[in-house]
Amino acid sequence: LGISIAYCNRIYKYFGKNALKMVKNNPYALAELVSGIGFIRADNIAKNLGIGHNDLKRLTAGIKYTFTKLSEAGHTCYPLTEFVKITAETLQVSEEESRKGIANAEAQKECMIDTITSNSITGLFAFDRFVREAELQLARIISGFCSSKTHKAIFLKDIPLPKEMPL
């Protein structure tokens with residue numbers, strides 16, 4: 001399978017006697033659960049197991065991997081049409097396959113597709129689910145303190161600061 005002894009030990013330590021079953025069932029879960037095994041290593045294990053290049057498990061894990069890479073670059077969301085292209089390029093699949101992966105990730109609540117309507121931006125965006133939930137919670141909190149138009153998304157730069165609040 002292409003797994004070193006050190007990683008085998010980590011996997012066994014985490015999953016115990018169910019380790020082999022888990023790895024065969026969904027090697028991409030290793031990327032999230034076992035320290036040091038990221039998407040690329042899990043993808044190589046999956047290939048060695050015969051999991052197809054366009055398998056939904058791979059596409060969904062690739063969506064999460066792409067979100068991780070984009071968040072490391074400072075993004076909390078990404079325009080959906082561009083996200084489809086980036087994911088397709090990252091996973092070396094067609095844009096249609098990328099859309100299937102995004103739809104599956106959304107169905108599994110791994111990501112969210114939402115509309116942003118603001119003074120400065122409008123359109124469909126892809127979000128990491130946890131980031132989006134945190135943004136919406138923050139927007140609810142902030143909107144309780146400030147009077148502003150209600151949007152599906154509120155950007156901090158679009159919310160007026162109270163006059164007594166120093167910058």
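This is a predicted model: local features need pLDDT of at least 70, side-chain atom pairs count only at pLDDT 80 or more; totals for chains, interfaces and linings use all residues.
Close-up 1. Helix α1 is followed by Gly-16, a residue whose phi is positive, near 65°. Within α1, which spans residues 5–15, the buried residues are Tyr-7, Ile-11 and Phe-15; they cover an arc of only 55° around the axis and therefore lie on the same side of the helix. The elements that cover these buried residues include α2 (19–25), α3 (29–33) and α4 (39–49), whereas the face of α1 turned away from its buried side carries the exposed residues Ile-5, Tyr-12 and Lys-13.

**Close-up 2. The crossing of helices α5 and α7.** The axes of α5 (residues 56–72) and α7 (residues 95–107) come within 8 Å and cross at roughly 80°, so the two helices are roughly perpendicular to each other. From α5, Leu-56, Leu-59, Thr-60 and Ile-63 meet a set of α7 residues that includes Glu-97, Lys-100, Ile-102 and Ala-105. Sorted by class, this contact has 5 nonpolar, 4 polar and 2 charged residues.

**Close-up 3. Salt bridges of Lys-64.** Lys-64 forms a salt bridge with Glu-32, with the closest N and O atoms 1.9 Å apart; because Lys-64 lies in helix α5 and Glu-32 in helix α3, the pair ties together parts that are 32 residues apart in sequence. The side chain of Lys-64 also meets that of Glu-110 in a salt bridge (3.2 Å, N to O), and here the partner lies in the loop between α7 and β2 (111–117), 46 residues apart from Lys-64. Lys-64 counts as buried at 19% relative accessibility, while Glu-32 is exposed at 54% and Glu-110 is partly exposed at 24%.

Definitions and conventions
Residues are numbered from 1 along each chain as its sequence is written. Side-chain values use heavy atoms; hydrogens and water are left out. Axes are lines fitted to C-alpha atoms, for helices over the stretch in contact, and angles run from 0 to 180 degrees between N-to-C directions. Helices (H or I, at least four residues) and strands (E, at least two) are DSSP runs, numbered from the N terminus. Angles under 35 degrees count as roughly parallel, over 145 as roughly antiparallel, 65 to 115 as roughly perpendicular and the rest as oblique. Contact means heavy atoms within 4.5 Å. Ala, Val, Leu, Ile, Met, Phe, Trp, Tyr, Cys and Pro count as nonpolar, Asp, Glu, Lys and Arg as charged, and the others, Gly among them, as polar. Buried means under 20% relative accessible area, exposed over 50%, partly exposed in between (1.4 Å probe, protein chains only). The arc is that of the directions from the helix axis to the C-beta atoms. A salt bridge is a side-chain nitrogen of Lys or Arg within 4 Å of a carboxyl oxygen of Asp or Glu.
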